[in-house]
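Please look over the sequence and the model first; the notes follow by topic.

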Amino acid sequence: RGIPSLGAKINKAKTLVNFDAKIENADGVMEKVNNNIQNKHTNKQHKSFFPWCGMLFDTQTCEVQVDYSRFASTHAKDSLTIDTRGNEGVAFQKRLKGFVRPRCNAILFDEQVNGTNVVQSNFYQMMLLCAVKTVHYVNGMEGNARS
């Protein structure tokens, strides 16, 4: 369905729900929407999460975490651009802010939304990713300085 006059339509393959739902296809036939969210986004405690815009929403408590699963098959150093054109210190400072800023979303640290453990976990994970990227950035700067 969607809004055909605007070229907008629902992509059934990208639609994900945590309940039984059906949508009408172009032929007017009702089709079941993908309901295998529990199989894709569960943690070791068997909690189910709903992914949205790079975040995971707990389907029972509505707590919010960053979805780091997209980093699972990549290396942190492969996502870095190391500036070596002079003023490396200023560039390094900008990169550090760039590592942290995208994950400083207020909803991740709001204790009205998340429990204390989730807020602490969100902070820890953010700082851990920043630390890993920082180590690779510094090592990359040193490697370029030797060249």
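The largest nonpolar core has twelve residues: Met55, Val64, Val66, Tyr68, Ala91, Phe99, Val100, Leu108, Met126, Leu129, Cys130 and Tyr137. A nonpolar core is a set of buried Ala, Val, Leu, Ile, Met, Phe, Trp, Tyr and Cys residues joined through side-chain atoms within 4.5 Å, and buried means under 20% relative accessible area with a 1.4 Å probe, protein chains only. The model is predicted, so local features need pLDDT of at least 70 and side-chain atom pairs pLDDT 80 or more, while totals for chains, interfaces and linings use all residues. Residues are numbered from 1 along each chain as its sequence is written, and side-chain values use heavy atoms, without hydrogens and water.

- β5, α2 (88–100) and α4 (116–146) each supply at least two core residues; helices (H or I, at least four residues) and strands (E, at least two) are DSSP runs numbered from the N terminus.
- The largest share, four residues, comes from α4.
- Leaving aside residues up to four places away in sequence, Met126 touches Tyr68, Val100, Arg103, Cys104 and Phe109, where contact means heavy atoms within 4.5 Å.

**Helix α2**
- Ala91, Phe99 and Val100 are the buried residues of α2.

**Sheet**
- Three strands form an open sheet in the order β3-β4-β5, with antiparallel pairing; two strands pair if DSSP finds at least two bridges between them.
- β3 (49–52) and β5 (64–66) are at the edges with a single partner strand each, so one side of each has no neighbour in the sheet.
- β3 pairs with β4 (residues 55–58) over four bridges, and Phe49 stands opposite Asp58 in β4.

Notes:
Buried < 20%, exposed > 50% of the residue type's maximum accessible area, 1.4 Å probe, protein only.
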